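Have the viewer open as you read.

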Amino acid sequence: MGAPFPLDGIRVLDLSRAISGPMVGRMLCDLGAEVVKVEVPGTDITQVFGPRTGEHTGLYVQMNAGKQNVAIDLTKPEGAALLRDLVAHTDIVVENFRPGTVDRLGVGWAALSEINPRLVMLSVSGFGQWGPEVGRQAYAPVLHAESGLLGRQAEVDDVEPHDVVMALADSVSSLHGMIAVLAALRLRDATGQGQYLDLSMLESMLATDDYTHYSLERTYPVFPATGLVFPAPGGPLLISADPKYLWHRLATRHGLTDPDPDAPTGQRIAVRARLVREWVAAFSDRAELIVALEAAGVAWAEIRTPATVLDSPTVIAREVVAQVDDHCGGTRPVIRMPYRFSAGSCEPRGGAAFVGEHNADVLSRWLGHDAAQVEALARAGALIPADQVEVP
């Protein structure tokens, strides 16, 4: 037998869409939980991002690999009632509707915790479940701007603000959501009581940002402790070192010297920067440059692109990419979660299911429903059969 999955036996209902909620569900699933995505057809916008194979895009597969899928129409009273029945048999509910939506549908915390007092429920929203901006739409770019990330980068680079090419706010919020869920499960073990978790994406960004201390202390402008990119043989190379430290290491190891040590500080810094650029540019062989940097104790990095990032020797050696069923007779690549246990398992446990694929299976195992009961729920409009789902 293989090593055990840490969350084996935990059941999750994932009502979320896009990234901030589904990524929590994906992590829980890889760690062994049984995760059921409750999906209203056509509502998950990740179905329009990335290359498509069959019914699924790349982003949808990354967020939902391994989950089972039931299609419930939560806007119908019968659908909300069916979800409440399932909640009686689950441990965790994840949702990222706009605040107030699940309450209006009859599946908010007040209703669900009465059914299952041991329930852990995570609600992810842009600005929290209460406050002056509770009703605002809050996609990742909104939080990148509101958290100060874009404004700071623009100031440092002396350019107009522009967004980053990553849904960073979603990913950061997912990680904080996962931590909160695991902590709530631990607390439930101790007290027997469930928890409601109100997770704000704005607060998640601020709590994770290692530059927020400048704002807290009202100290401007910020000092950008960032990597420096240099033209180099074979393409640009990043060197991760404070300019003063970099000069010290290259001067000590490779003999770089100030032509005028008594020059004013600003002038001396500019001259040192030029000399470092010239030193890097003098190499005709990339491998020799890397050897010289490592001899000086300086960290470096390749500027990898979407086309080359998976060529990293570490990515290849550690098998970061896994293959899962693509539901079309082949396989599809996904990124493994980075949790390597000494005596435990964390693996993607399947591809992304079709919407409604597990309607009958989940209702049979969780609720004991037979085929006639499943059919009755479909006739009532609570359950949407998989063969009636339109591919987006």
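How do the residues of the lining of the second largest pocket divide into nonpolar, polar and charged? They split into 16 nonpolar, 8 polar and 4 charged, where Ala, Val, Leu, Ile, Met, Phe, Trp, Tyr, Cys and Pro count as nonpolar, Asp, Glu, Lys and Arg as charged, and the others, Gly among them, as polar. Before going on, note that this is a predicted model, in which local features need pLDDT of at least 70, side-chain atom pairs count only at pLDDT 80 or more, and totals for chains, interfaces and linings use all residues. Residues are numbered from 1 along each chain as its sequence is written, and side-chain values use heavy atoms, with hydrogens and water left out.

Back to that second largest pocket: its volume is about 550 Å³, and of the 28 residues that line it, Arg-17, Ala-18, Asn-96, Ala-138 and Tyr-139 lie nearest its centre. A pocket here is an open set of points on a 1 Å grid over the protein atoms alone, with protein on both sides within 12 Å along at least five of seven lines; a cavity is a set where a 1.4 Å probe fits but cannot get out, and lining residues have an atom within 4 Å of a point. Grid points are joined across faces, edges and corners, and a volume is the space filled by probe spheres set on the points.

Tyr-139 is worth a click. It sits in the loop between strand S7 (120–125) and helix H6 (140–146); such elements are DSSP runs numbered from the N terminus, helices being H or I with at least four residues and strands E with at least two.

Now for the largest pocket, at about 720 Å³. Its lining has 25 residues, with Gly-58, Leu-59, Gln-62, Met-63 and Ile-335 nearest the centre. Helix H1 (22–30), helix H2 (58–64), H6 and strand S13 (331–335) each supply at least two lining residues, and H2 gives the most, with 4. By type, this lining divides into 18 nonpolar, 4 polar and 3 charged.

Follow S13 next. Strand S12 (residues 321–325) runs antiparallel to S13, joined to it by 5 bridges; two strands pair if DSSP finds at least two bridges between them. Val-324 stands opposite Arg-332 in S13. The hairpin has 5 residues between the strands, and there His-327 takes a positive phi near 65 degrees.

Arg-332 also turns up in the lining of the second largest cavity, along with Thr-53, His-56, Val-61, Asp-325, Asp-326 and Ala-352. That cavity has a volume of about 30 Å³.
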